[in-house]
Structures are given as C-alpha cells and as structure tokens.
Amino acid sequence: MKRRPFHWRDTPGLPSFTAAILAFLYAPLLILVVYAFNASRMVTVWQGFSVQWFAAVANNGDIRSAAENSLVVAVAATIASTLIAIAGALALERGTLRVGRGVVAGLVAMPLVVPEIVVAITTLVFFSMLGMHHGLINLIIAHTVFCIPFALLPIQARLREMGTVLEEAGRDLYADEWRLFRCVTLPLLMPAVGSGAIMAFVISLDDFLISMMVSSAGSTTLPVYVYGMMRLGVTPEVNAISTILLVISLVFVASALLLGRRRRGPA
Amino acid sequence: MQRGSTLLLISPAVLAIGIFMLIPLFIALGYSFMTADPYGGVQAPVTLDAYVQFLYQRDFDDSLVFTPDYIFIILRSLYLAIATTVICLILGLPVAWYIVCQNEGRRRLLLFFITLPFWINTLIRTYCWILILRDEGLVNKALRGLGLTDQPLPLLYNDGSILLGLVYTFLPFMVLPIYSTLERIDPRLIEAGHDLYAGRIRVFRLIIWPLARPGALAGAALVFAPALGSFLAPDLLGGGKKLLIGSLIQMQFTSSRNWPFGAALSIAITVVILLVMMLRAWSAPQRAVRA
C-alpha cells in the first residue's frame, strides 16, 4: 500500500467532518424549500411540485400589508443608519477624539453586545414611558439604532484599509474638507457603504424579537406575522413565506459579500 | 480633521444609541425597583420586590416563601447556554482549522458558506427544525418508513431540541473568531513541532490550541451571550412549556404584566454578559503578550 507523504495540512477525517458541518448548516434550509413546493396540504406527504402556496401567500392581504410595513421600516432604517454610520466611521477613523475614543467605540458596539430580548423590552419600556405610540415610527427608530453597528463596521474597516495617502494628496492640492470627502473619500468608500447598507437592510428585514415587542396592532412586520402563523402550526403557507424570506436574505447578503470582496483590490 | 467636526460627525451615532439604548437600560434599572402595575407598567412605591422574587414568593398572608422555580429557570438557561458554547467549540474548532489549512480561494469559499447562515432569519432557521423533528416530521417518517419505530419519537419540545436549535443558530459565531486567530499562526511553528517528532495530537495540544485560545474565548463569549438571552429556539423548539430567561422576560411584558420583575431579569442577564465580556477583554491582552 502506498502511503501519501505526511503533511500537517491534511488531517485525516477533517474534510468529511467539515462537509458534515456544512450539511448540518444547509440541509434544514433545503428541506424547507423542498416542502414549500409540495402540492400536498399535508406538509410531509409529497404530492408533486406546485407553486400554489406561493400564490396563496401573494394573495393574502395580511401578509402583504405586513410585508409593506417591513419594507417601509427596513428602507427608512437602512438610510438613517447608513448615514449615521458613515459620519461615525469617519469620526472614529479620521477624527481627533483624544479622550473617549474607547468609550465611543464601546457605545457604538452596544447593539451587538446587549441581548436582543433586553434591547426589545428596554425599548418598549422607553417608548411607553414617553407615551410614544407612533407604530411604524417607533419601529423605524428602534431598527435604526440596532442597524448602526452593522452598517458601520464595513465602512470603518474600509477607511482603515485604504489609508490616508490619497486624502493627503487631495489636501496638498488645496481641496477643502467637504470637497475632499465628496471627490476622494466617498467614491473610494462606496463599495463599503453599499455592503454596509445591505447588511443593515437585511438585519432590519429579518428582525423578529425587537419588532414583536415594539410593534402595535397596525404595525406588524412580516417576521412577526410569520411567527404568529408558525405558532398555529406547520402549514404549506408558512413554508412558502419562509422560503421567500430566505431567498431575499440570501440574494441581498450574497451581493453585499461580493461587494465587500471588491474592496480587497487596490485602494 | 478638526476637533469640532469630529464631534459633529460622531454625535448622531452616540446620540441615537445613547438615547434609545443606553438610557432605556437605565430606565429599566429604575423600573426594576418599582412596584408592578397590574395593567402593565409600574407604580410607586420603590421596592426590592422584583429582586426578592428571584428566590421568594409572597404568600397570601404576606410572608415570604422560598420558591426555587425562577432560580431553576435561570440555572437551566445558564446550563443550556454553557452547553451550547461547549458544543459549538467542539464542532467549530476542527472546522476553523480545516479552513486555515486550505488555499486562498477555498478559504474564501468556505468562509462565505460559514458566514452566510448568520444573515439568514433566525426565525426561519429555527422553524426548519420543527419540520425535521416534529411527530410527522422528516426524521420520524424516515424511522417509521424503515420500520425502526411505530410510535413517533418525541424529538421536539425538550432540552435536546432547544440545544440543537441554539447550536445551529450560533455555530458561525464560534468558527469565525477561531479562524481569524488560527490564520495568523506561523506555519513554521507547526513544522518545527513535527520536525521534533511531535504527533498531530501533541502539536495540537502544545502549539495550535494555545495559539487558538484567544479566538476560542472570543467565540465562546459571542456564543454564550446571545444563547443566554435567546428567545426563539426555546420558544419554538421547546414548545414554550419549559421556560428559559428569554421567554420569562418576554412574558413579564405580555401575559404576566410584571414589568419590574421583567426589568430585574433583564438587568441580571445584562450584568452577567457584561462580566463575561469584561473577563474576555481582561484575559485577551495577557495572552497576546505571552504569545
């Protein structure tokens, strides 16, 4: 028997272990998608391929209004959080925060650290104390806040990566700060702004827990509505709407990650 | 950049998070010392009742009776969060090592597939397991089809299914930080180990693991914190019958209408998580110096 030469990079069994982990991560999603196309009302009995449940979902008025709410909240929160993130990233990377930089960075990372359930109930308590019952506005504010770090991190990473050489060159050519930002920094930053905005959009669109606690009767978002459907049991409609949400997330995130990859190129 | 414009640029982020996240946390702290309003919200007087409720229940004659129910829920949540962290570490470490051993292109591809689930709706990722584990689900149907069982196995609504859901949700959080520390290992160290006749196990124990430890600690913190406060996996896969802290908090603001107690529980898990994070931050630089 011929033995392969020893190399520490080839650990026996590791390729199949990794394959098993990837299967563990993706097989459940695949099963969901397959069931969503099942013609039978009995979810687990296969009766042929059908898109009827997608049609049923598309014609469901409640789902459509929940989807509209989700879209309004996600678009508004994405725009707000991305603008805040651009400014914040510039200040953190290019600014002169002599003291308190660590405190500010910690504060900005807070939405990533504090458990979602705590964010959800503290936001609820805050709005109810102020007597703010503005439905979608409350949701937009809450979503903007927890989207900030997701939009900020790629922008900040890009600013650090591209260095200050081009900005210094612009300054040497007598560009003022605004012109420098508009003509040099922002164009270089655009891919990261794009991927940050998409990440924020997906995070907002997918959020369940905070939306559930903050939303009121008229401002139900799609995940909150779908959760209500799931509590009533496994139905083909739930499979179909879940598949739609899954595909939306996949498309957006794949494009954000591809945009992010472009920034590996020369600055 | 001028100091003034720096402050101007950072202020929206600081104000947004300060006003809508930090201040509400302090308000919740304040609420935890108030008395519950049976219609939701809080009222005077200021009291420690919410914290006393962790251990005691007020009886009809107003005497305090020791009730361990809530402590059991807290301990169960801690146990499940720790178990999730350990399992994620055992599963995540080999995967991270495998990715590090690949060439540049395959690394990127594998990292992409490990990262992707993080961005997929947790609600939907959790729901998939209902399809697989329920009585008429995939596993039970397969087992019956093979004639191995005639009664469906109770796979759903127990600690095991909650644990499975938690590991499934948080595994990517473990792989990525470990990967980023392993990536920086100098391959010559490993080669030197093998040249000195150390086997794979010794190389792992004496070289790879000590260098991977900061990443593993970071991953452990990233898995433990959200697992402790998780709501969806216990709710959907645990059937909501066996409570964990996350559902217990949520209940205080919906059906139970005991806001002070819910606030007190929230403060408690936030403190635990901050302690974990501080412990990690405190131990990380020391390791870096030694490495």
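Predicted model: local features only at pLDDT ≥ 70, side-chain atom pairs only at ≥ 80, totals over all residues.
**Exercise 1. Fold and extent of chain A**

State how many helices and strands chain A has, and decide whether chain A is spread out or compact by its radius of gyration.

Solution. 
- Step 1: Chain A contains twelve helices and zero strands. Read from the N terminus, its elements run α-α-α-α-α-α-α-α-α-α-α-α.
- Step 2: For 267 residues the globule rule gives 18 Å, and the radius of gyration of chain A is 23 Å, well over that value, so chain A is more spread out than a compact globule.
- Step 3: The C-alpha trace of chain A spans about 80 × 70 × 30 Å along its principal axes.

**Exercise 2. A helix pair within chain A**

Determine how helix α7 (residues 136–162) and helix α9 (residues 177–206) of chain A are oriented to each other.

Solution. 
- Step 1: The axes of α7(A) and α9(A) come within 8 Å and cross at roughly 155°.
- Step 2: Angles over 145 degrees count as roughly antiparallel, and α7(A) and α9(A) are therefore roughly antiparallel to each other.
- Step 3: Their crossing is right-handed.
- Step 4: Residues of α7(A) in the contact include F150(A), I155(A) and R158(A), while those of α9(A) include L188(A), V193(A) and I203(A).
- Step 5: By class, the residues of this contact are 16 nonpolar, four polar and one charged.

**Exercise 3. A helix pair across the chains**

Classify the packing of helix α1 (residues 14–36) of chain A against helix α3 (residues 69–100) of chain B.

Solution. 
- Step 1: The two helices pack at an angle of about 120°, and their axes are 9 Å apart.
- Step 2: The range 65 to 115 degrees counts as roughly perpendicular and over 145 as roughly antiparallel; the angle of about 120° makes α1(A) oblique to α3(B).
- Step 3: The crossing of α1(A) with α3(B) is left-handed.
- Step 4: L14(A), P15(A), F17(A), T18(A) and I21(A) of α1(A) meet L91(B), P94(B), V95(B) and Y98(B) of α3(B).
- Step 5: This contact has eight nonpolar residues, one polar and no charged.

**Exercise 4. The interface between the chains**

Describe the side of chain B that touches chain A.

Solution. 
- Step 1: The contact joins 72 residues of chain B to 69 residues of chain A.
- Step 2: Helix α1 (residues 3–31) of chain B supplies the largest share of the chain B side, with 20 residues.
- Step 3: That side of chain B comprises 52 nonpolar, 14 polar and six charged residues.

Methods:
Residues numbered from 1 in each chain as written. Chains lettered and ligands numbered in written order. Contact = placed C-beta atoms within 7 Å. Helix = DSSP H or I, 4+ residues; strand = E, 2+ residues; numbered from the N terminus. Nonpolar A, V, L, I, M, F, W, Y, C, P; charged D, E, K, R; others polar. Axes fitted to C-alpha atoms, helices over the stretch in contact; angles between N-to-C directions. Parallel < 35°, antiparallel > 145°, perpendicular 65-115°, else oblique. Left-handed = near helix turned anticlockwise from the far one by under 90°. Rg over C-alpha atoms; globule rule 2.2 N^0.38 Å.
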